[in-house]
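The sequence and structure are shown first.

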Amino acid sequence: MSNRLKAMPNDLSAFWMPFTANRQFKQAPRMLVASKDMHYTTSDGRKVMDGTAGLWCVNAGHCRPKITEAIREQAGELDYAPAFQMGHPIVFELANRLVDIAPAGMDHVFFTNSGSESVETALKIALAYHRARGEGSRTRLIGRERGYHGVNFGGISVGGIVSNRKMFGTLLGGVDHLPHTHLPAKNAFTKGEPEYGAELADELERIVTLHDASTIAAVIVEPVAGSTGVLIPPKGYLKKLRDICTKHGILLIFDEVITGFGRLGTPFAADYFGVVPDLITTAKGITNGVVPMGAVFAKKEIHDAFMNGPEHMIELFHGYTYSGNPIACAAALGTLDTYKEEGLLTRGAELAPHWEEALHSLKGEPHVIDIRNIGLVGAIELEPIAGQPTKRAFSAFIKAFERGALIRTTGDIIALSPPLIITKGQIDELIDHVREVLRMID
Ligand code: PXG
C-alpha cells in the first residue's frame, strides 16, 4: 500500500464527518488504512475484525479480487457515459442479472447512487404510477415509527427516527406512520421471528379508515428494521401488511437497502418472508459497498403503466447523472460474480443456527436486556445508564475497537452484521470480543 494512503493527516478540522461525534472523533481518531476479507488494518497497524460489514454493505468481505479487477478494467475502458438518452452495454447486462436474482415479478430496475436515492425514487415512482393510471388522488405515503429510509426529505418524512426528523422543518405533507413492532415485554430474547405483534399490521386498516384508501399511494417499511436496532417483524406481520395493501390498491415498498443481497440467508428479505412487495429499494450490497450505487426494483405492471403516450417522450421525469455509472456497474457485476461463485446470497442460512447460538450465549452477561437475531444480523440491547442514554453502548463500541472488533451501536443497542464470508470460528471470536467488552464497561 502506498505511503500516501497510510500517512496520518495533520489537520482533521476541514472534514465535517457524517453521523459522527466530530469533536470526540477528532480528539481520538479511529483511522482505517487498509482492509482485506474479514479485517481492517488501523493506522497504528492493528487488525480489526469487521463485525458490521462496513455499514451493512461489504457482504462479500473486503478487497475481493473480482470486484477490484472489474473496476480497474472498466476505468480504463469506458469511464463515464451520459445516463440520459444514451446507454452502454454493461448497465443493461447488470439490470438483467439483477432481475434474474430478484423475487419473481420484479422485472425492471431503476439505478440510483445510494439507499437514500433509492427511497426517493421508489416514493416518486409510487406517486407517479397512481397518477399515470388516473388515480392522482393517491398522494399519501405511509411509513413506520423507528423506520430508517435514508436522509433525504422523502425518506426522513416516512422515516420514524426522531433525531433524524426534528431539526429539519415540516418535511413532506400527507405522511402517516404505522406503529413500530418492537415489543420487548413480550418478545425479549426471541430467536428469529417473534411470536407476538402480527396484529400491529392491522393499524394500517385504521389509517386507511381515517384517510380513505383513495388518498393513499404507498406503504414503505424495512422488512427487518436495521438502523434502529434490528427489529424483526413478528410472525405473519408482513403477510398481513401485504394483504391489506392489496385489498386497498396501495403499493407496498420494501426498503431492502440492508436486507438485500443475502443478509438474511436469502437473496432478498422478500424471499425470506415469502412476501413480494410492489417495489424494492436496494443499495449497499449491490456493489459490496465499494462504489456508490443503488437500485429500485419494480413490478412489470408498475413499469408498464408508464409506457404509453408518444414514443419520443420521456416516460418518467426522474434520474441522476450517475444512474448506472459504468464503474459502479462493473463493481456490481464483479460483486454478483463473487456472490454467485461463493454462494454468498444463501450462505447466511447455513451460518444462521451457529450465529443464533453464539449471540444468545450472551444472555446473562452484564447489562443485556434483549438479544435478537435473523439471518446474519443480530442485536444485543443494553440497559441504558440512567439519565445518559447511548453512553453505555458507545463505550462498548470504543472498547471493542480497541480490542480488535468493529461493532455498530444505535442508541443502547449493539448491532452486528458481519460479511457473509465469516467462518464459524470468526463468529465465536466476534461474540467473545463482545462478551469481554460487556464485562469491562460500566
Ligand atoms: N434505507 C435503509 C433501510 C437503510 O438502512 C438507507 C435507506 C439509506 O442508504 P444510504 O446509502 O443513503 O446511506 C439505509 C442506510 C447503521 C447505518 O449503522 C445504516 C444505514 C446507513 C449508515 C449506517 O445503522 N442505512
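The largest cavity in this predicted model holds about 130 Å³ of space. Counting cavities of 30 Å³ or more gives three. The other topic is the packing of helix α15 (residues 344-360) against helix α17 (residues 424-440).

**Largest cavity**

- The lining consists of 13 residues, and those closest to the cavity centre are His-182, Asn-187, Pro-194, Ile-232 and Arg-372.
- Two or more lining residues come from each of α9 (184-187) and β11 (368-374).
- The biggest share of the lining, three residues, belongs to β11.
- By residue class, the lining of the largest cavity has six nonpolar, five polar and two charged members.

**Packing of α15 and α17**

- The axes of α15 and α17 are 10 Å apart and form an angle of about 20°.
- Angles under 35 degrees count as roughly parallel, so α15 is roughly parallel to α17.
- The two helices, α15 and α17, cross with right-handed geometry.
- On the α15 side, the contact is made by Leu-351, His-354, Trp-355, Ala-358 and Leu-359.
- On the α17 side, the contact is made by Lys-424, Ile-427, Asp-428, Leu-430 and Ile-431.
- Seven nonpolar residues, one polar residue and two charged residues make up the contact of α15 with α17.

Conventions. Residues are numbered from 1 along each chain as its sequence is written. This is a predicted model: local features need pLDDT of at least 70, side-chain atom pairs count only at pLDDT 80 or more; totals for chains, interfaces and linings use all residues. Side-chain values use heavy atoms; hydrogens and water are left out. Axes are lines fitted to C-alpha atoms, for helices over the stretch in contact, and angles run from 0 to 180 degrees between N-to-C directions. Helices (H or I, at least four residues) and strands (E, at least two) are DSSP runs, numbered from the N terminus. Angles under 35 degrees count as roughly parallel, over 145 as roughly antiparallel, 65 to 115 as roughly perpendicular and the rest as oblique. A crossing is left-handed if the near helix is turned anticlockwise from the far one by less than a right angle, and right-handed if clockwise. Contact means heavy atoms within 4.5 Å. Ala, Val, Leu, Ile, Met, Phe, Trp, Tyr, Cys and Pro count as nonpolar, Asp, Glu, Lys and Arg as charged, and the others, Gly among them, as polar. On a 1 Å grid over the protein atoms alone, a cavity is a set of points where a 1.4 Å probe fits but cannot get out, and a pocket is an open set with protein on both sides within 12 Å along at least five of seven lines; lining residues have an atom within 4 Å of a point. Grid points are joined across faces, edges and corners, and a volume is the space filled by probe spheres set on the points.
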